[in-house]
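Let's work through a few exercises together. Keep the model open beside you and try each task before you read its solution.

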Amino acid sequence: VALCQSIAFSLACGWLLAQLRHYLQAPARAAWLAAWLLALFPLLPMTAVTLWKDVPYAGAVIALTGWVVAALAAGPSAMIRWRGVIALSLLLFCVMAMRHNGPPVAIAVVLMLVLLSRSSRWRVAAAGGLALVLMLLLKGPLTSALDVERKSVSYILYSHHIAAHLAEGHLPDAAKDRELLHRINPLQNDWAYNCATVNPVVFNPDFDRRHAQANKDELLRILLELAQKRPDIEYRH
């Protein structure tokens, strides 16, 4: 799996470099230099062999970025082949399936390609539609057939935003709401809030993820009330 992932990651980086060189009309040696810098940068080879969902996600985003650059270079009259439609749909499916912020990325790519590749706009739309069908199959019949339990992770987003309010001492008015937040993390008043990443909040030994997930609807209500009273905290977050 790590070998296949490394090959795919390398192909995505090479594809992006090749398209950038073509679009900018840069000399080949510039692309070779960039390729060697990527290959020798320690973090990338270490990441490429890590079995983590964000690695294929990153590879797919890199490949889609190369696709957008290729569309810029080719112009609006270029026609995407049907095998390209299949490849594009698989990349869009990958970004949607691997991360919660993948669907906005997929939508943005489809919109950019529709605007840049006017002759292929229906094929781009077909790729987006096929990716959506694959996503629905994954979230529904496929996971049901494999007896995989589906759980909502929306509480992660709510918790991160609530932590921003807790870090500034902005608490809910209702006692029962304050008690709920205290039960989720009884030891850290600010839930170890970090503006840049949700990990210290949620992947924290003092944070009860099961309790937060079970009360995700209550967390959404609390967040909306806090955000309505102090939108400035939301803006800064």
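**Exercise 1.** Work out whether Trp67 is buried or exposed.

*Solution.* Trp67 has a relative accessible area of 15%. Buried means under 20%, exposed over 50% and partly exposed in between, using a 1.4 Å probe and protein chains only. So Trp67 is buried. Now try Trp15: at 32%, Trp15 is partly exposed.

Some ground rules: this is a predicted model, where local features need pLDDT of at least 70 and side-chain atom pairs count only at pLDDT 80 or more, while totals for chains, interfaces and linings use all residues. Residues are numbered from 1 along each chain as its sequence is written, and side-chain values use heavy atoms, leaving out hydrogens and water.

**Exercise 2.** Find how many aromatic pairs the whole structure has, and describe them.

*Solution.* First, the test: rings of Phe, Tyr and Trp (its six-membered ring) pair if their centres lie within 6.5 Å; planes under 30 degrees apart are stacked, over 60 edge-to-face, and the rest tilted. A search of the whole structure gives two pairs.

Next, take Trp15 and Trp67: with ring centres 6.3 Å apart and planes at 65°, this pair is edge-to-face. Trp15 lies in helix α1 (residues 2–24) and Trp67 in helix α4 (residues 54–74), so the pair ties together parts 52 residues apart in sequence. (Helices are DSSP runs of H or I, at least four residues, and strands are runs of E, at least two, numbered from the N terminus.)

Then take Trp191 and Phe207: their ring centres are 5.3 Å apart and the planes sit at 85°, so this pair is edge-to-face too. Trp191 is in the loop between α9 (175–184) and α10 (199–202), and Phe207 in the loop between α10 and α11 (209–214), 16 residues apart. Both residues are buried.

**Exercise 3.** Say which residues have the most contacts inside the largest nonpolar core.

*Solution.* Start with the term: a nonpolar core is a set of buried Ala, Val, Leu, Ile, Met, Phe, Trp, Tyr and Cys residues joined through side-chain atoms within 4.5 Å. The largest has 21 residues, and the most contacts inside it belong to Leu64, Leu88, Leu92, Val95, Met96, Val109 and Leu113. Helices α4, α5 (82–98), α6 (102–116) and α7 (121–145) each supply at least two of its residues. Finally, zoom in on Val109: leaving aside residues up to four places away in sequence, Val109 touches Leu64, Val68 and Leu92, where contact means heavy atoms within 4.5 Å.
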